[in-house]
Amino acid sequence: MNNQEQKKSISEAVLDKIKSGGVRIKPKLYFVLKTILVVLGGLAIGLFVLFLISFISFALRASGVWFLPEFGLRGFGMFFSYLPWLLILMAALLIIGLETLLKRFTFIYRKPVIYSLLAVILIAFLGGFLIDRTPFHSGLFLRAREGNLPLAGPMYRDFGILEPNEVHRGVVLETTENGFIIEMPQGEVLNVVISPDVHLAPEFEIKKDDAVVVFGEEHDGTVNALYVRKIDDNFRFSPRSRPSFPPLNRMSK
Amino acid sequence: MEQKPEKTDEEVANLVQAGDINLFGILIYRYEDKMMRYSRKFLSDQEDIKDVVQEIFLKAYENIKSFDVKRKFSSWLYRIAHNELVNVLRKRRKNILPLFDLDVFFPHSLHDNSLTQEIDRQDMSKMIDKCLDQLEPKYREPIILYYLEGLAYKEIADIIRVPISTIGIRIKRAKEKMKSIYQKSGYSL
């Protein structure tokens, strides 16, 4: 078959199919709707990433895990073991999905992936941390604690999958002879015992309403504290306790 | 009598968008050889090549209203051809273009071809004849689009949807690979 015959056969086949109605032009509206769907999908993924990252940040602060690295090398190791890896993996996959969607746009794919990926990660982290500084998650947490948050309730009550056994965050309800009693965000009350071998800095003094993080294993509502740290954190989790946000102070072993 | 200048691809596409479907034949006529040549570099069976080219034009017709007439029609059509070939190759599980490639991840400095372009093109046509088939598709495609179809880096970047600097680095590496294959085969430049 020479070139002219082949040309005739391909163009004829295509034009015949067009004229017979075997293939039709998709209306402009189809492409407009597709673009809108991509943009909405991107926005939904972006918002969910922001929610996840802000929730992870909230859960780490509210559970006290956030403060673990300040308790030395062991605390640092435990910080990694308590990280909500499933939520982190989910956020990472969503960021990859978002990047894939963004790659449809000329101004994104013409530049190396590293630029857009870093921009997405930076915006996600900054946005996530900013949202965590608002009363959004603590408000939802309080609703969950009161049983008024149907779907996300369990997730908030357990801080996602964070259930650290050795770190406890709370507000001092009262001091005792050998320690103090704290109320935790979930409403649980713990008796903190500071053993004599824990060295207290002379200026360190625990008062009622102090917000603290205690590091030590819990047995039957009692924690033998290895480390205690006062925290200056604006996370208001308990309407009953109303912590007075003391200045940052630290007690070391 | 003054002859009317021929309508550009974009003008013809605009008329097809407006409903003059018979004019689509002009676009087929203008691009059929190019699409055949492009597909031939990835497929060997003549019937397969014809099927793919038909499919490229049918998809172009179906989606003609997504074409932005302010942009180049050729780049838009090559993009459809690229997608169609990737789909065909993927179905056959051979010569698959990589889903993820570090080349697209990090920035590269653009390789300057201008100084050696003329000599380069002569050597390249010899090398392309002899060793294009031995190149991986990710290197083969920019070489075809740049040297055989005469497209610019920016247009190739729009077709393959990778960064412009990646096109530069792939063409540079493809040339090095072809030179090595060419010389190993006993030819000299």
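Colleague: Starting with chain B: is the crossing of α1(B) and α2(B) left-handed or right-handed?

Modeller: The crossing of α1(B) and α2(B) is left-handed. A crossing counts as left-handed if the near helix is turned anticlockwise from the far one by less than a right angle, and as right-handed if clockwise. This is a predicted model, in which local features need pLDDT of at least 70 and side-chain atom pairs count only at pLDDT 80 or more, while totals for chains, interfaces and linings use all residues. Residues are numbered from 1 along each chain as its sequence is written, with chains lettered from A and ligands numbered from 1 in the order in which they are written.

Colleague: At what angle do α1(B) and α2(B) pack?

Modeller: About 145°, with the axes of α1(B), residues 9-17, and α2(B) 9 Å apart. Axes are lines fitted to C-alpha atoms, for helices over the stretch in contact, and angles run from 0 to 180 degrees between N-to-C directions. Helices here are DSSP runs of H or I with at least four residues, strands are runs of E with at least two, and the numbering starts from the N terminus.

Colleague: Which residues make that contact of α1(B) and α2(B)?

Modeller: D9(B), V12(B), A13(B) and V16(B) come from α1(B), and F24(B), I26(B), L27(B) and R30(B) from α2(B). By class they are six nonpolar, no polar and two charged. Contact means that the C-beta atoms of two residues, placed from the backbone, lie within 7 Å. Ala, Val, Leu, Ile, Met, Phe, Trp, Tyr, Cys and Pro count as nonpolar, Asp, Glu, Lys and Arg as charged, and the others, Gly among them, as polar.

Colleague: How is chain B divided into domains?

Modeller: Into domain 1 (9-91) and domain 2 (102-184); such bounds come from an automatic or database domain assignment. The centres of the two domains of chain B, taken over C-alpha atoms, are separated by 23 Å. In the contact, 10 residues of domain 1 of chain B meet 11 residues of domain 2 of chain B.

Colleague: Which element gives the most to the domain 1 side in chain B?

Modeller: α4(B), with four residues on the side that touches domain 2 of chain B. That side has three nonpolar, two polar and five charged residues.

Colleague: How many residues of chain B are in contact with chain A?

Modeller: 28 residues of chain B, against 22 residues of chain A. On chain B, the elements giving two or more residues are α2 (24-40), α3 (46-62), α7 (153-160) and α8 (164-184). The largest share, seven residues, comes from α3(B). By class, the chain B side has 17 nonpolar, five polar and six charged residues.

Colleague: Over to chain A. How do α2(A) and α4(A) cross?

Modeller: At roughly 155°, with their axes coming within 9 Å. That makes α2(A) roughly antiparallel to α4(A). Angles under 35 degrees count as roughly parallel, over 145 as roughly antiparallel, 65 to 115 as roughly perpendicular and the rest as oblique. α2(A) passes α4(A) in a left-handed crossing. The contact holds 16 nonpolar, four polar and no charged residues.

Colleague: And at what angle do α2(A) and α6(A) pack?

Modeller: About 55°, with the axes of α2(A), residues 28-63, and α6(A), residues 113-132, 8 Å apart. The two helices are therefore oblique to each other, and the crossing of α2(A) and α6(A) is right-handed. On the α2(A) side, V49(A), L50(A) and I53(A) are among the residues in contact, and on the α6(A) side F125(A) and F129(A) are among them. The contact of α2(A) with α6(A) divides into eight nonpolar, four polar and one charged residue.

Colleague: What about strands? Do β2(A) and β3(A) run parallel or antiparallel?

Modeller: β2(A), residues 179-183, and β3(A), residues 189-194, run antiparallel and are joined by five bridges. Two strands pair if DSSP finds at least two bridges between them. E183(A) stands opposite V189(A) in β3(A). Five residues lie between the strands of this hairpin, in which G187(A) takes a positive phi near 100°.

Colleague: Which strand pairs with β3(A) in the parallel sense?

Modeller: β6(A), residues 222-225, over four bridges. There, V193(A) has N224(A) in β6(A) as its bridge partner.

Colleague: Last one: what are the domains of chain A?

Modeller: Domain 1 (28-155) and domain 2 (165-251). Their contact takes 14 residues from domain 1 and 16 residues from domain 2. On the domain 1 side, α2, α3 (72-82) and α7 (136-145) of chain A each supply at least two residues.
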